[in-house]
Amino acid sequence: MASYVEDTELRLGLPGSDAPAARGSKRSLPDQDDEAGDESCCRNGGSASAAKAQVVGWPPIRTYRKNSFQAMKTETTTVEPEASGLYVKVSMDGAPYLRKIDLKVYKGYMELKEALDSMFKCFSQGELSRKEGCNGSEYVISYEDKDGDLMLVGDVPWDMFTSSCKRLRIMKESEARGLEFRQ
Amino acid sequence: MVGRFRWAAMFPDEVWEHVFSFLTSDGDRNAAALVCRNWNRIERRSRKRVFVGNCYSVAPTVAVRLFPEVRAAVIKGKPHFADFNLVPSDWGGGAEAWVEAMAEGWPNLEELRFKRMVVSDDCLDLIARSFKNFKVLSLVSCDGFSTSGLAAIAANCRHLRELNLRESEVEETCLNWISHFPEPFTSLVALDIACLEGEVNASILERLISRCSNIMTLRLNHSVPLERLVGLLQRAPQLMDLGTGKFSARHNPQLFSRLESAIVGCKNLRSLSGFWEPGLTYLPAVYSICEGLTSLNLNYATVQNPELVKIISRCKNLRRLLVMDLIEDSGLVAVASSCKLLQELRVFPSDPYDAAEPVSLTEHGLVAVSAGCPMLHSVLYFCRQMTNAALLTVAKNRPNLTCFRLCIIEPHTRDYVTQEPLDTGFSAIVESCKDLRRLSLSGLLTDLVFKSIGASANYLEMLSIAFAGDGDMGLHYILSGCKNLRKLEIRDCPFGDKPLLQNASKLETMRSLWMSSCSVTLGACRQLARAMPRLNVEVINESGRGPLAAQPDNCPVEKLYIYRTIAGPRTDTPQCVWTV
């Protein structure tokens, strides 16, 4: 049974095995510290790069707090420029590129539908339509909301829709059928 | 010798059981159980409440068998540093084994409290079906479950009084889980769903609250708009503990006055929290009940100092305050003069990473509160600068501190006036505060501070160390001192094998030890594991170097978790965890 002392003496390790370098933060002596001038220098254990690298788990705050704070930050920064419009991407199944529209420009679902009609006319054979009156039409408009769920356009009041819509997707009716039965 | 204890047999068991029922603390019951075999048997068999600080310290089936009459259990899982993402997500802490054993052996279980455990929907389902008299489910900092599991609880637990999900991560798979509480269900007293990220149907919630006339605690999540809060408050004017949802809306004087009167109507309100995205127009609605508040949690309230002070300075009876550093030093001075009954203060960083616009919260705020609040005993304080002088003053002002957690955001920060390490400051704290139970260190620290802690912190139970110390002696001072140490968690310190091996027996007197990014080698872990069979020595290496069994002794250990156990090595370790 090799004693622990022998095990940690300096010796040639096998190629590929880690040298027993101290993984903890090796602090230099105080008078050699050049930290005074560079407040952003943050030494973390084992890492050579001392730049503004974010240390895992430091400062010790909970993830949910970090997330909710970042969410608050982005909320406050996006709520201000209300005047500049609410742009969302619009994709259509089969179309080679996406479009972007400003939801604030439209007063309701009819206007939105007409706008999308004209935008994507070149890509589709038939007219775009909502879930009712699907005769002869091939497409259905859906959107992704704040929670990341795929929803059918037209269910909720217009204002609620514009505040929760993150992007629009025009999908083939056959694919969309599943959406109606989702809870 | 036997004759001396014959008096224990003079009374029938029921009498002793009745006597023991007056022992409320676990420690007292444990002590009673050690007196003699009779008492051990009687105490064990009549124990109604059990606390398991580490879910792996005892096998669930054993615990259930030893204490057959348990009605309330508290089980804790992952190490504390899991809160800061230092523990791999698949490390363990699964609740299945416990829930299965409890379902078998404790059919009369009424209260179950899990902390930092992974609780699956299947577990929740089993809980919902197994305990006829189930009253309290508390899942604090837990994950692994979804609202579908909650739906099962709601549907089946006919006598549920408390459902607490504080700080848990919940997947939202079942949108209207609250509607699963059946119509005849009226027993709810406390509901804390503040952690839920998705929409909560306020109408269904309103109906639930209406029929639960005993509801005392209601903590909503951010999705509940202010307009709906009014309705909820009107239906539950007996509320004592309220967590609001989003605290802003478009400017609407009618809404404001409705809100204000709804709040005034809650004459028993003692605790307030929530305040997500608070709007300045609506904050004044709470002014009227401030005087009755004993607990105020503003740690989500991103409002500036003036607004915060307007609220807090009205809270003359406050015992507990949680706030962001937006309160600044001047705000804390106001706290010091207004909240003379303050016992606990927590100040969180509003901008922990960028500090683009530094907030004017310094050591002065802490000193002010320590001077002005004579009953202050628990402090959690995030700041960017500190001096030894300030810490000395705090130590002198508040020898009654029981919990002192200081987090100076930048590691290795010196006393900014003298450029010295903060050893003297923290030493003063431990020397002056004789009842200190919990301590978290930060800033530039040498081994000297550990010498003081080891020598003076006689009642210290939990110690957190980060980016501190010079070498092995630091850890040795702690492990050879601190008589009552239970939990020690260390990260990024130059502590190595020697102090661990020299103080191996100390580790069995503690609940657990966590060390990450230190200088411990695999060889020491092997030695420790061999010498101490009643310890589980878990080595966590996530960099995937291959099976640890094949690694040499000098292989550095990334993360180490050692805990005492009578259950032997656990069987549910993931790939990255190896019980040596």
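Let's start with helix α20 of chain B, residues 522–531. This is a predicted model, so keep that in mind throughout. Is this helix enclosed or open? Largely enclosed by the rest of the structure, because 7 of its 10 residues are buried. Here are the buried ones: B:Leu522, B:Gly523, B:Ala524, B:Cys525, B:Arg526, B:Leu528 and B:Ala529. Note that an arginine, B:Arg526, is on that list.

What do they pack against? Two helices of chain B come up, α18 (497–502) and α19 (504–507). Three strands of chain B join them: β21 (535–540), β22 (559–564) and β23 (577–579).

B:Leu439 sits in strand β17, which spans residues 438–440. Its relative accessibility is 0%, so B:Leu439 counts as buried; the cut-off is under 20%. Who surrounds it? Set aside the neighbours within four places in sequence. B:Leu439 then touches B:Phe404, B:Phe426 and B:Val430, among others. Further contacts of B:Leu439 include B:Ile453, B:Leu460, B:Met462, B:Leu463 and B:Ser464. One distance to go with that. From the C-alpha of B:Leu439 to the C-alpha of B:Ala457 is 9.5 Å, and these two are 18 residues apart along the chain.

Helix α1, residues 13–20, packs with helix α3, residues 37–46. The angle is about 65°, and the axes lie 10 Å apart. Which hand does the crossing of α1(B) and α3(B) have? Right-handed. From α1(B), the residues in contact are B:Asp13, B:Trp16, B:Glu17 and B:Phe20. From α3(B), they are B:Trp39, B:Arg41, B:Ile42, B:Glu43 and B:Ser46. By class, that contact holds 4 nonpolar, 1 polar and 4 charged residues. One reminder on helices: there are 3.6 residues a turn, so residues three or four places apart point the same way.

How many cavities of 30 Å³ or more does the whole structure contain? The search finds 1. The largest cavity holds about 30 Å³. Its lining includes B:Leu175, B:Asn176, B:Trp177 and B:Ile178. B:Glu199, B:Val200 and B:Asn201 also line it. That lining divides into 4 nonpolar, 2 polar and 1 charged.

Last, chain A. It has 5 helices and 6 strands. From the N terminus, the order is α-α-β-β-α-β-β-β-α-β-α. Chain A has 183 residues, and 35% of them count as buried. Now take contacts in chain A between residues at least 6 apart in sequence. Of these, 45% join residues at least 24 apart.

Conventions
Residues are numbered from 1 along each chain as its sequence is written. Chains are lettered from A and ligands numbered from 1 in the order in which they are written. This is a predicted model: local features need pLDDT of at least 70, side-chain atom pairs count only at pLDDT 80 or more; totals for chains, interfaces and linings use all residues. Side-chain values use heavy atoms; hydrogens and water are left out. Axes are lines fitted to C-alpha atoms, for helices over the stretch in contact, and angles run from 0 to 180 degrees between N-to-C directions. Helices (H or I, at least four residues) and strands (E, at least two) are DSSP runs, numbered from the N terminus. A crossing is left-handed if the near helix is turned anticlockwise from the far one by less than a right angle, and right-handed if clockwise. Contact means heavy atoms within 4.5 Å. Ala, Val, Leu, Ile, Met, Phe, Trp, Tyr, Cys and Pro count as nonpolar, Asp, Glu, Lys and Arg as charged, and the others, Gly among them, as polar. Buried means under 20% relative accessible area, exposed over 50%, partly exposed in between (1.4 Å probe, protein chains only). On a 1 Å grid over the protein atoms alone, a cavity is a set of points where a 1.4 Å probe fits but cannot get out, and a pocket is an open set with protein on both sides within 12 Å along at least five of seven lines; lining residues have an atom within 4 Å of a point. Grid points are joined across faces, edges and corners, and a volume is the space filled by probe spheres set on the points.
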